[in-house]
Amino acid sequence: MSAETALITGASSGIGWELARLFARDRSDLVLVARNQQRLEALAEELRRDHQVQIVVLPHDLSDPTAPRRIFDQLAERGIVIDVLVNNAGFGAVGKIAKLPLTTQTEMVQVNVAALAQLTRLFLPGMIGRKRGGVLNVGSTAGFQPGPNMAVYYATKAFVLSYTEALAEELLGTGVHATCLAPGATATGFQEAAKLGDALLFRYGVMEVVRVARAGYQGFRRGQVLVIPGLKNKLGAMAVRFAPRKLVRKVVKRLQG
């Protein structure tokens, strides 16, 4: 066994996939969670071969409210202790609140917010008791402003940002820390999944997923509370704090198409 075991949700693609590689490279054992078991098994095979780490694959759909507790119980039954929790799973969808299907909106809140909070609450006491470990939550620069035409997604990422900052402050002196990785537009397939099409947001350039994951991983290891990869994204997050809210809403609405 390694000195550390990390649980990563949404590990079957994108940022979660790359974070799994980074943890494995540093010899962390892994628990990989996502809906797509085939993709998880392929990643697990690669990481076992390249880094000789132990990996558990748990296919779960986090839109199911019972999934976090089942994940926790399954690991407890197997005697697997989680030192690092990476809440990466999440999705977005374009559409006006009055038209976007209710099931889509509620599942977005469940995956992006409720599952993140549930998993954190379940695994955090053990970390605090052992006085080691941490939580890495993957948010977004979307969390710094409202997002007309993607209102629910932006609101869920605002929750992730606020929740993680508060958690980090609560954890001071415990030996456990919390980090929020807040990337901007990233080449992960999110654009297609969210049906953003040719939205202006993605025309102004996207960051490579490897760069984003590396920035988040390194920031987490350094104990940073907030990591915003890329100068453009840092400037954008800062600008919305000083711009009139009415202007921010209109600009974001245009970017979302």
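**Aromatic pairs in a predicted model**

Good morning. I begin with a cluster: F23, Y217 and F220 are linked by ring pairs. Rings of Phe, Tyr and Trp (its six-membered ring) count as a pair if their centres lie within 6.5 Å.

This is a predicted model, in which local features need pLDDT of at least 70, side-chain atom pairs count only at pLDDT 80 or more, and totals for chains, interfaces and linings use all residues. Residues are numbered from 1 along each chain as its sequence is written, and side-chain values use heavy atoms, with hydrogens and water left out.

How many aromatic pairs does the structure hold? There are five. In one of them, F72 and F123 have ring centres 5.1 Å apart and planes at 65 degrees, so this pair is edge-to-face (planes over 60 degrees apart; under 30 is stacked, and the rest are tilted). The pair links distant parts of the chain, since F72 belongs to helix α3 (residues 67-77) and F123 to helix α4 (residues 102-130), 51 residues apart. Helices here are DSSP runs of H or I with at least four residues, strands are runs of E with at least two, and both are numbered from the N terminus.

Are these two residues buried or exposed? F72 has a relative accessible area of 23% and is partly exposed, whereas F123, at 6%, is buried. Buried means under 20% relative accessible area, exposed over 50%, and partly exposed in between, with a 1.4 Å probe and protein chains only.

I turn next to Y153 and Y154. Their ring centres lie 6.2 Å apart with planes at 75 degrees, so the pair is edge-to-face. Both Y153 and Y154 are buried.
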